[in-house]
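Here is a friendly walk through a structure that may be new to you. Take a moment to look at the sequence and the model before reading on.

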Amino acid sequence: MQNSHAYVASNTKLPLIASLTNVGLTLASRAGPVEILRSVSLDIEAGRSLAIVGPSGSGKTSLLMVLAGLEAVTRGRVIVAGADYSSMNESQRALLRAKDIGIVFQSFHLVPSMTATENVALPLQFANVAAADDLARGLLDDVGLGHRLRHYPSQLSGGEQQRVARARAVALNPRLLLADEPTGNLDGATGRQVIDMLFRLQLRNAATLVLVTHDEKLAAKADRVIRMADGRIVGDTAQDLPARDVTAADEPKRVSAASDAAQSR
Amino acid sequence: MSPLDVARGYEPEAARSLAQSRWPLWLTLALRDLRTGLSGFAVFIGCIALGVMVITGVGALSDALRNGLATQGKLILGGDLAFVRPHARATTDERAALGKLGRVSESATLRSMARRLDGSDQTLAELKAVDGLYPLAGAVTLDSSAALASVISQPMAAAVEGPLLDRLSLNVGDTLKVGDSDIVIRARLMFEPDGLGDRASFGPRILVSMATLERTGLIQPGTLIRWRYAVDLPASVPQSRDSLKEIAAQLRADLPGAGFTVADRFEPSPQLTRTLERLRQFLTLIGLTSLIVGGVGVANAVSTFVDKRRKVIATMKSLGAPPHFVFRMFLTQILAVAGIGVAIGLAFGYMVPFVVDAAVGSSLPVRAEFAVTWNSVATAIAYGLLVALLFALWPLGRAERVSPTVLFRDEVSGDRTWPRAPVIAATAAVGVALVAFTILTTDRWDIALGFYGGLSILLLVFWGVGQIVPRFVRLLPRPRSPELAVALSSIAAPGGLSAAILLSLGLGLSLLVAVALTDRSMQEELSGRLPERSPTYYVLDIGKGEAAPLQSFIANRAPGALIETAPMLRGRLVALKGVPAESVKTAPDAQWVLYGDRGLTFSAAIPPGSTVVEGTWWDAVYTGEPLVSFEAGLARKLGLGVGDEVTVNVLGRNLTARIANLREIKWESLNLNFVLVFSPNALEAAPYKLLATVTLPQNASLESETALGRDLGKAFPTTTQVRVKEAIAQFNKILEKVLIAVRVAGGVTLLAGALVLAGALATAQRRRLKEAVILKALGVTNRRIMLAHMCEYAILATVAGVFAIVLGSLAAYIGLRVMDVPFVFSLTAVAQALGVAVALVALLGLLSTTLVLRTPAVPLLKSE
């Protein structure tokens, strides 16, 4: 980490995609209340990548769930994509999630009763995108699963399921991409592929990537690394990486075509 | 602790004791796994317990009533043996033969009209005349402390039952008219010890002395009188059932052609015993229905059970478990769980006699006396275990085929393997054993076979629907609506969950439709729609000389009324083609013809409403050997054809006649119909009475109907007038009781169906939960998730409902045919039933979805 320096939020000119202020999360358990997050404050800039590292039980995944709006905080304020979660009900948060957030889980969480195509087409359909199936097939083709379109999750290998999950997460071109231990259930080579692809997606779609991992090497690829312990942020470093022009993506944006289609309806 | 934990060696202490256990490892593991609780087996246990409870309860109640009959037998019969014959009083020789057995009491029973002296009111009554020895067992209770003998030995005196006094507004001390005679009511009859054994249920009882009966002039040749001889054997005679039967058989042999029907005190009312046995068999089939419907719940529960243990199975296999180890282990568990269900069912089943006795004990024909018979217990256990095995073996057999490779995959489903051949053979053997057991324990094997055939069709159709619908849905283009897409993919998903729901839902809805239509048809029947132009009155006991005066009386009194008369005698079929009736093998639904007395008639011409379908009718002046015309359907079932000989016992002598032709009868017409019609030369010389139907014009008022009956009674005092509407009302009272039984039985079966459905939905719930959480993470709102679930339920319920209407109607149609009630299809009844069911399923679904949506998503989403 000799190339890193302390991160200062005011240094950046980029707008924020998420902002957490004094966030606390306390859950009830049989042994009494457990403090999962203690006064976490964090600003996340749009279009960059962020890795969250820390030991088991430090609150990494909980922080991710808070960002996704799946976990309601006990204290503090969460603003994601300009919306304040505390003033939103469950449905409004769900709609925000559908519009702006894509999540990749460690255990993939594909709908077991749906084929690969159906899994990817689902968020597109809920967003009233026309030709959802065609788009889904294209997305699966992009991740190299053109030959697995009609397979059910139970008929796919772990790596293949991961790729379906990824294709589904980016189907609607989310501004915020959340990944929970995306390599956790995969072998080394497959894991590296996955990570490379996630970063490429982030760049291509000009999205923000928040990545929970315990793999330091993997974390080092992110623009910024947050270190957590016992529900607190204990380290925050920006990597000394070459600046990137996020506005001029070098690849054609297949997924934004989906968004255009949605808007044209 | 699960076997997986054990297998992985998580528990060193347990592992040590496993190695030391003296039992086989599969047994130890099976029992240890069960210790963790039976929560997944609630539906399994409930299904088995419910069915076993019904079967046990039916058996226990029937045992209790039979036991009551047996212990009170001598009282009910009024002696050790009873010999009964219609029309003909015992001859001197016959009395002498009976007298050699022991003390004999003679009684005579006949139906008659009882009228007020002024003729303003009349009712049908049952007159019974007794001798001085009556009763040989027990005692008659009167409203006063006077002895029966001292009351009725007075000239023209009677003890009369309360309902008759109330009906005619008479009191003790008043006089009533029976036939031509005035009879003084000396006492109110409170209890008649042999009332159950010696009763034809024509109406309330009038008890008189034999001398009084003789003085009334009612004993005439041809009058239908039931002569009964109760015998009290001396204590020196062996009293076992076999020796009683021997004595009866010996007497029959000594008096060939006497034509007595014999009952002994071990079975004082063969009629009642038969009815009880029929009822037991019928209700056992209902219990079996709920048990077999519950079997689907068992199959679902076992599938879920083994699905949850796929990794355990794979682990054991990868650790080198010997062949069949897994099968043995799970079979032990399943049998243990089935055993718990059977035990619960037995315990609750044996409460049934007490509950019934407490609730309706006073209206039971006999006092229930609690009894446990090996037969009833064994039947219930056999049915419980056979059904559990029948439905559990298949999923267990598939479970042991699980490949160890499932350990290396996330979740495997959809790969439907077949069990090993021996397991398939065992399943088939259990099925055959189940059917065979039922057939062996019933005398209506035709109904039993039809029952299994029908249930198999029901199960097969809905199993097929469950297999086809998901495949069909997979072929459909993806719908635009995402909710519908989620619903359809959920239905099409591999893993067989929608198949289980369709099967359970289909069975439940079919039962519901069947019960609703049966109910509606029986109510329709009860509402008493009479056939067009049905008779108003039956007039019985018309003397030969009275027929012409009666016809002219009707012609004067009620112009426009139709009157039809026929000679009428009662007799018993004693031999067919020379084979004694007792040894004749018949179709089960024709046996009734051989029990007890039948009405007989003779006619020169083909009776109205009949058509000769085989053979020819005799000449009007035929004089050859006696000929008879037989009802075609019954003849076929009894194996009789034109040219065969049948023997009937009439008036104490045997009459053999050759079948000249077969007739088809329109039974519905309520006209005079007889199974046996003889050629006139066979019977016209015998003393007989006539039977008549009087049909008033359709616009006749109720008052004119009643008045006609009253006037007929006055003008022909020794005849009996039965109003058809009253007779039908009487019949409807029986039908009402059957309707209650059908409702209770239907309710129990529906409960089983509901239990099975709840089990299937609970299994689906697990997957639904996972699905809903993922949808939430994808940003789908609760409202849309709920809508998707509703779509899925609506589609499944519609598919199941359509098939259920067809199959349920068919089931009701067949069931009603067995009960001889015309089938009525009512769309309203079906719509109401299905409406309620669909509303309930929707409510259940809504509840389950609400529970799913309330479940916090995060714990399920976090990495495992």
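Residues 1–16 of chain B keep a pLDDT under 50, so treat this stretch with care, bearing in mind that pLDDT is the predictor's confidence in each residue. The model is a predicted one, and for residues 1–16 of chain B it has 27 contacts beyond four places in sequence. Chain B as a whole averages a pLDDT of 84, and 93% of its residues score at least 70. For the model, ipTM is 0.74 and pTM is 0.74.

Now turn to where the two chains meet. On one side are 33 residues of chain A, in contact with 32 residues of chain B. Several elements of chain A give two or more residues to this side: helices H1 (60–68), H2 (90–100), H3 (116–126) and H5 (158–170), together with strand S7 (101–104). H2(A) provides the largest share, with 6 residues. Sorted by class, the side of chain A that touches chain B holds 15 nonpolar, 11 polar and 7 charged residues.

Let us finish with one residue of chain A. Gln92(A) has its place in helix H2 of chain A. Is Gln92(A) buried, exposed or partly exposed? Gln92(A) counts as partly exposed because it has 14 C-beta neighbours inside 10 Å, whereas a buried residue would need 20 or more and an exposed one 12 or fewer. Gln92(A) and Gly69(A) are 23 residues apart in sequence, and their C-alpha atoms are 9.9 Å apart in space.

Note on methods
Residues are numbered from 1 along each chain as its sequence is written. Chains are lettered from A and ligands numbered from 1 in the order in which they are written. This is a predicted model: local features need pLDDT of at least 70, side-chain atom pairs count only at pLDDT 80 or more; totals for chains, interfaces and linings use all residues. Two residues are in contact if their C-beta atoms, placed from the backbone, lie within 7 Å. Helices (H or I, at least four residues) and strands (E, at least two) are DSSP runs, numbered from the N terminus. Ala, Val, Leu, Ile, Met, Phe, Trp, Tyr, Cys and Pro count as nonpolar, Asp, Glu, Lys and Arg as charged, and the others, Gly among them, as polar. pLDDT is the predictor's confidence in each residue, from 0 to 100.
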